[in-house]
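Hi,

Here is the structure I promised to pass on. Have a look, and my notes on it follow below.

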Amino acid sequence: MRITGGTLKGRIIKCPDGIIRPAMDRMRESVFSILGDLSGKSWLDLFSGSGTIAIEAVSRGASSVELCEKDKIKINTVLENVSITEKECSVKIKCHFMPVEYFIKRCKNSFDYIFFDPPFPYKFHEQLIAQADKYNLLNKDGTILVHRPEEHFMPDKIGALTRTDKRIYGRSIVDFYKYV
């Protein structure tokens, strides 16, 4: 896997052991192009896998980045991957290794962007977004992005959040939810 843009463009990221479905380069590049400059923004990467999305966010200017991954097999690789941001961009990614559902309930921070990328068989996308809303994880001008398989339906409205965009990448879809 490689970083697709920003100050770390072209850097190779290791893929951890265990089950992983890394976000396609084309999808990542497109999503980050849609979002534009992330300078000074905060980012939360949930179901992080290798940490690539969090690293992309730093590479494109995000100044406060956290990630959450529950698979303990991935810890060493994630820590090694994210260490490049501190060395090369002076941004330390804060890593949490626990179930996302538990993290959402305990997190005291709010973010400009939250990226959900659960395993494709995962069935609780809507509930997680509702929980993120309930626990005020998203800043009022923020965006939640959800990467999902095309066969998994997502409603246009979840709590106070409304889907404002939907991008299709093969059998993958990224939904954008905001407060409107």
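Tyr 122 counts as buried because its relative accessibility is 14%.

A caveat before the rest: this is a predicted model, where local features need pLDDT of at least 70, side-chain atom pairs count only at pLDDT 80 or more, and totals for chains, interfaces and linings use all residues. Residues are numbered from 1 along each chain as its sequence is written, and side-chain values use heavy atoms, with hydrogens and water left out.

Searching the whole structure turns up five aromatic pairs. Rings of Phe, Tyr and Trp (its six-membered ring) pair if their centres lie within 6.5 Å; planes under 30 degrees apart are stacked, over 60 edge-to-face, the rest tilted. Phe 47 and Tyr 122 have ring centres 5.2 Å apart and planes at 65°, so they are edge-to-face. Tyr 122 also makes an edge-to-face pair with Phe 124, at 5.6 Å centre to centre and 85° between the planes. Phe 124 itself is partly exposed, at 46% relative accessible area. Elsewhere, ring pairs join Phe 32, Trp 43, Tyr 113 and Phe 115 into a cluster.

One more ring for you: the charged end of Lys 140 sits over Tyr 179, 4.2 Å from the ring centre (this takes NZ of Lys or CZ of Arg within 6 Å of the ring centre and within 35 degrees of the ring normal).

Cheers

Note on methods. Buried < 20%, exposed > 50% of the residue type's maximum accessible area, 1.4 Å probe, protein only.
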